[in-house]
Amino acid sequence: PTPSTPLSQLPPALDRRIGIMLDNGALEEAQNAFSLCSDPLAPGWSGIGCKEILAHMQGTLSLADCRTLWLRNTRAYAKRQITWFNAQTQAIRLHPADHETLFNHIIFHLKKFSFQL
């Protein structure tokens, strides 16, 4: 998702991302981390996704409920990020694949600082 992603498209995109993370071993990674630090109050367990997986590992959430809560918390965070980015009126918004426009903006701003090209 990007700052221009419509809110209606957030849940499916975020759900796919969470699914990919789980398919690629997020649960196993968390189990390994827990074997190194089993303190649920440690800062590493407070992040979105981590606290939900920890609750699943501790038996207080099913994996399905873990995923649902993880998605809800991720969506809320993404909405806050989008709100923040949209408030940045001076930001130049470029598509990541638009290399020509990116290059032109770089040249324009370098010239403002009197760099010789």
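How many residues has H1, and how far does H1 reach from its first C-alpha to its last? It has 14 residues and reaches 20 Å, close to the 20 Å expected at 1.5 Å a residue. The expected span here is 1.5 Å times one less than the number of residues.

Some ground rules. This is a predicted model, so local features need pLDDT of at least 70 and side-chain atom pairs count only at pLDDT 80 or more, while totals for chains, interfaces and linings use all residues. Residues are numbered from 1 along each chain as its sequence is written, and side-chain values use heavy atoms, with hydrogens and water left out.

Now the overall fold. The protein has five helices and zero strands. From the N terminus on, the order is α-α-α-α-α. Helices are DSSP runs of H or I, at least four residues, and strands are runs of E, at least two, numbered from the N terminus.

Next, dimensions. The C-alpha trace spans about 60 × 35 × 25 Å along its principal axes. The radius of gyration is 20 Å, whereas a compact globule of 117 residues would come near 13 Å. That radius is taken over C-alpha atoms, and the globule rule is 2.2 Å times the number of residues to the power 0.38.

Burial and surface. Of the 117 residues, 22% count as buried. Buried means under 20% relative accessible area, exposed means over 50%, and partly exposed lies in between, with a 1.4 Å probe and protein chains only. The protein exposes about 8500 Å², and carbon and sulfur atoms supply 59% of that. Areas come from the Shrake-Rupley method with a 1.4 Å probe; for residues, only the protein chains shown count as cover.

Contacts. Take pairs at least 6 apart in sequence: 49% of those contacts join residues at least 24 apart. Contact means heavy atoms within 4.5 Å.

Back to H1. Its buried residues are Leu10, Ala13, Leu14, Ile18, Gly19 and Leu22. Their cover includes H2, H3 and H4. Just after H1, Gly25 takes a positive phi of about 100°.

On to H4, residues 63-87. Its 25 residues should span 36 Å at 1.5 Å a residue, and its end C-alpha atoms are 36 Å apart, which agrees. Buried here are Cys66, Trp70, Leu71, Asn73, Thr74, Ala78 and Ile82. The cover over them includes helix H1 (10-23), helix H2 (26-36) and helix H3 (50-57).

Leu14 and Ile18 are among the buried residues of H1. Leu71 counts as buried because its relative accessible area is 19%. Its C-alpha lies 15 Å from that of Leu27, 44 residues apart along the chain.

Two more residues. Glu28 sits in helix H2. Is Glu28 buried or partly exposed? Its relative accessibility is 47%, so Glu28 counts as partly exposed.

Phe108 belongs to helix H5, residues 99-112. At 48% relative accessibility, Phe108 also counts as partly exposed. Phe108 and Ser62 are 46 residues apart in sequence and 53 Å apart in space, C-alpha to C-alpha.

Last, charge. The mean positions of the 11 positive and 9 negative charges are 12 Å apart. Lys and Arg count as positive, Asp and Glu as negative; His and the chain ends are not counted. Each charge is placed at NZ of Lys, CZ of Arg, CG of Asp or CD of Glu.
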